[in-house]
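Welcome! Open your viewer, get the sequence panel ready, and follow along one selection at a time.

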Amino acid sequence: MFNIVLVNPEIPHNTGAAGRLALSTGATLHLIDPLGFSIDEKAVRRSGLDYWKDVQLKRWPNWQAFEDSVTDKSRLWLLSTKGTANYWDAEFQKNDYLVFGRETAGLDDEILATYPEQLVTIPMPGEGSRSLNLATAVAIVLY
C-alpha cells in the first residue's frame, strides 16, 4: 500500500491516530526524529488503541537518513498548505510516500524546495483556518 511519513511530529495523539490508519490500510508508518514526545507515551498508545504493537513502524534519526533510504525520490509526495496542486491530481502509485510535516510548522522549506513537482495540498475553500489537523490530513490523502 502506501507509506505515511511524519516528519518531526509533536502531538502524540496525531501519531497514534496515524498509526491506526496505517494498520487499517496496510501502510507503513515512518517517524522522523526528533519527535515532540516519547513513542512509549500512554497518549500514543491510547490513540492507537491496542493496535500500536501491530503497526508497521520505521523510525529514522533524521530526514537525511530517511531520504537516503528512498530509492525512487519521484515517489515522495509532500503535503503542505504551501502547495498549489491539489492532492487528487497527483498520480499516486503503490508504495508511494505521503510526507507530512510537524503540526506547528509543517515541512521545512529546504525539503519543500527539493521536491517542487511533488508538492501537493488539500484544498480548504472555507475561511478561518490555516490548516487541518495532522491526523485528519493523513486520513484524507490516504483514503
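Start by selecting Arg-75: this residue is buried, because its relative accessible area is 15% and buried means under 20%. Keep in mind as you look that this is a predicted model.

Arg-75 sits in the loop that runs between helix H3 (63-69) and strand S4 (76-79).

What joins the side chains of Arg-75 and Asp-96? You are looking at a polar contact of 2.6 Å.

Who else is there? Leaving aside residues up to four places away in sequence, select Glu-91, Phe-92, Gln-93, Asp-96, Tyr-97 and Gln-118: Arg-75 touches each of these.

Time to zoom out and colour by secondary structure. You will find five helices and seven strands. Trace the chain along its sequence and the pattern reads β-α-β-α-β-α-β-β-β-α-β-α. The radius of gyration is 14 Å, close to the 15 Å given by the globule rule for 143 residues, so the protein is as compact as a globular protein of that length. A box around the C-alpha atoms, taken along the principal axes, is roughly 40 × 35 × 25 Å.

Finally, show the surface. The protein exposes about 7600 Å², and carbon and sulfur atoms supply 50% of that area. Buried residues make up 47% of the 143 residues. Colour by charge for your last stop: there are 13 positive and 18 negative side chains, with the centres of the two sets 8 Å apart.

Technical notes: Residues numbered from 1 in each chain as written. Predicted model: local features only at pLDDT ≥ 70, side-chain atom pairs only at ≥ 80, totals over all residues. Heavy atoms only, no water. Helix = DSSP H or I, 4+ residues; strand = E, 2+ residues; numbered from the N terminus. Rg over C-alpha atoms; globule rule 2.2 N^0.38 Å. Buried < 20%, exposed > 50% of the residue type's maximum accessible area, 1.4 Å probe, protein only. Areas by Shrake-Rupley, 256 points an atom, 1.4 Å probe, with all protein chains shown as cover. Lys, Arg positive; Asp, Glu negative; His and termini not counted. Charge placed at Lys NZ, Arg CZ, Asp CG, Glu CD. Polar contact = N/O pair within 3.5 Å; in protein donor to acceptor, adjacent residues only side chain to side chain. Contact = heavy atoms within 4.5 Å.
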